[in-house]
2 protein chains.
Amino acid sequence: MKIGFIGLGVMGAPMAANLGKAGFEVRGYDLRPGGRTVASVAEAVTGADVVITMLPDSPQVEEVLPEIVEYGGDNLLYIDMSTINPETSLGIARRLPHALDAPVSGGERGAIEGSLSIMVGGKEEDFQRALPVLQAVGRTIVHVGPSGAGQTVKAANQLVVGGTYGLVAEAILLMEVSGVDPAKGLDVLAGGLAGSRVLELKRHSMVARDFAPGFRIDLHHKDMGIATAAARQAGLALPLTALVTQLIAAARAQGHGSLDHSALLKVIERINAA
Amino acid sequence: MKIGFIGLGVMGAPMAANLGKAGFEVRGYDLRPGGRTVASVAEAVTGADVVITMLPDSPQVEEVLPEIVEYGGDNLLYIDMSTINPETSLGIARRLPHALDAPVSGGERGAIEGSLSIMVGGKEEDFQRALPVLQAVGRTIVHVGPSGAGQTVKAANQLVVGGTYGLVAEAILLMEVSGVDPAKGLDVLAGGLAGSRVLELKRHSMVARDFAPGFRIDLHHKDMGIATAAARQAGLALPLTALVTQLIAAARAQGHGSLDHSALLKVIERINAA
């Protein structure tokens, strides 16, 4: 099976490599020459059974879409694994008969290990066709609904993750300023109903103020924009999501865009700095 | 060893029973006659090596404190396992030389199973003396700092738990209103970085709108009052904690005080109801 893979960045490059290891014939394209095996989108798409995009945001996906439509065969299966607005995914599905939105979570490490979680929106028959391909890059692969549903679930995921960082940050500051060792306190929290994957993975680095990425504030800021837009589109007011979005925007405004998203702690600190 | 146990409610009764099973001589007192083995605080305290209180809030603790001071021996170890304001715990420690604040998490089930998490504030020597007693009722027992520190960690725990319910509630509504099956979506979230003990234990009941307690909104409302007061006392502005506090207060105002704290979902729903 021939796969055209567009977007060989931090996530895309190891995903394309895992597809190659699984025996697929992969033609990889990126704007930057290093690592790519073909020189144009047209070349990646022409004759492909499946085209995958793994791009930063909606504009980049919309930029390559016309060539995918033009050079793709009638039976082309298009899997967009970028995290973009659900509305954009719906628009894509109107232009291509076999399109899936399949954003991922699990980060660079998940991409390298082929252990990503993948949230898939689209038609059941297309999902079944995509499954052998997705199994080469992910471990938890769930068909969550029609076109756009994958992006909606990803947006829900990001609002919960961003909010959890904010809550843990506030808990750390409350303990520190009250004279309590936050490391000991968070050990207790991690073992009870307050426990979370964020506490499990990040409590030590947050207490130590180690904000090496990881997943960058810039990207989480983009994702909160998607969550906010998705809520507006659905006609929903989500107060915690709104506040988390503002706090992450503040992190970016304060120059922390390239730090890990756990650097949300710095915003809560700055609110309280003399 | 003789233990006076004051407060034989949903939590206190099974805790006192576990102390009895562990071989301690327990004299249990409650305002309500049923289940108590002595008829007054004075009788529970006189001659006791250890006095434990497990009461609803600060006023109840302050009400029994004078009798504990009056009838307790010089070497009495006083362990307050109620969830109250850290400032109140500090005040108690000024009146009794051997006082620990030791609030718990784990709920009624943890109390029955003797598997509570216990956050202990106070002097190291008093903590060591309390340990055999606490081991009869809890599993994770951590000395987190000086007097009041146990209450501060409990407050931090409750702000994270309350906030997590709010975030999960907003994620559920976003998915539902967008036409995504929330059960499938939450399965993906539970397996990734958005995963939490709240998602693990409560996502099915929240989607099904089953809000049988569990831990009541009324109690979580009290606990958010403690978290807010602790933050004020520490001179801290905590924006997410503030919003979570308001949302839980709204749940109570809307008449959901006796439902499980996951009923915070009803507040997010009502904000968006026509």
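A polar contact, as the term is used in these legends, is a pair of N or O atoms within 3.5 Å, where within protein one atom must be able to donate a hydrogen and the other to accept it, and where residues adjacent in sequence count only if both atoms are side-chain atoms. This is a predicted model, in which local features need pLDDT of at least 70 and side-chain atom pairs count only at pLDDT 80 or more, while totals for chains, interfaces and linings use all residues. Residues are numbered from 1 along each chain as its sequence is written, chains are lettered from A and ligands numbered from 1 in the order in which they are written, and side-chain values use heavy atoms, with hydrogens and water left out.

**View 1. The interface of chain A and chain B.** Between chain A and chain B there are eight residue pairs in polar contact, both residues being at pLDDT 80 or more. Among the elements that give two or more residues to the side of chain A that touches chain B are strand E8 (138–145), helix H7 (149–177) and helix H11 (239–253) of chain A (helices, H or I, of at least four residues and strands, E, of at least two are DSSP runs numbered from the N terminus). H7(A) gives the most to this side, with 20 residues. The residues of this side divide into 38 nonpolar, 17 polar and four charged, where Ala, Val, Leu, Ile, Met, Phe, Trp, Tyr, Cys and Pro count as nonpolar, Asp, Glu, Lys and Arg as charged, and the others, Gly among them, as polar.

**View 2. Extent of the interface of chain A and chain B.** In chain A, 59 residues are in contact with 59 residues of chain B (contact means heavy atoms within 4.5 Å). The area buried between the two chains is about 5,100 Å², of which carbon and sulfur atoms give 77%; buried area is the accessible area (1.4 Å probe) that two parts lose on being put together, summed over both. Zero salt bridges are found across this interface, a salt bridge being a side-chain nitrogen of Lys or Arg within 4 Å of a carboxyl oxygen of Asp or Glu.

**View 3. The two domains of chain A.** The domain assignment, automatic or from a database, gives domain 1 (2–146) and domain 2 (152–271) of chain A. Their centres, taken over C-alpha atoms, are separated by 28 Å, and the contact takes twelve residues from domain 1 and ten residues from domain 2. Domain 1 and domain 2 of chain A bury about 920 Å² between them, 65% of it on carbon and sulfur atoms, and A:Thr83, A:Pro86 and A:Met119 supply 44% of the area that domain 1 buries against domain 2, more than any other three residues.
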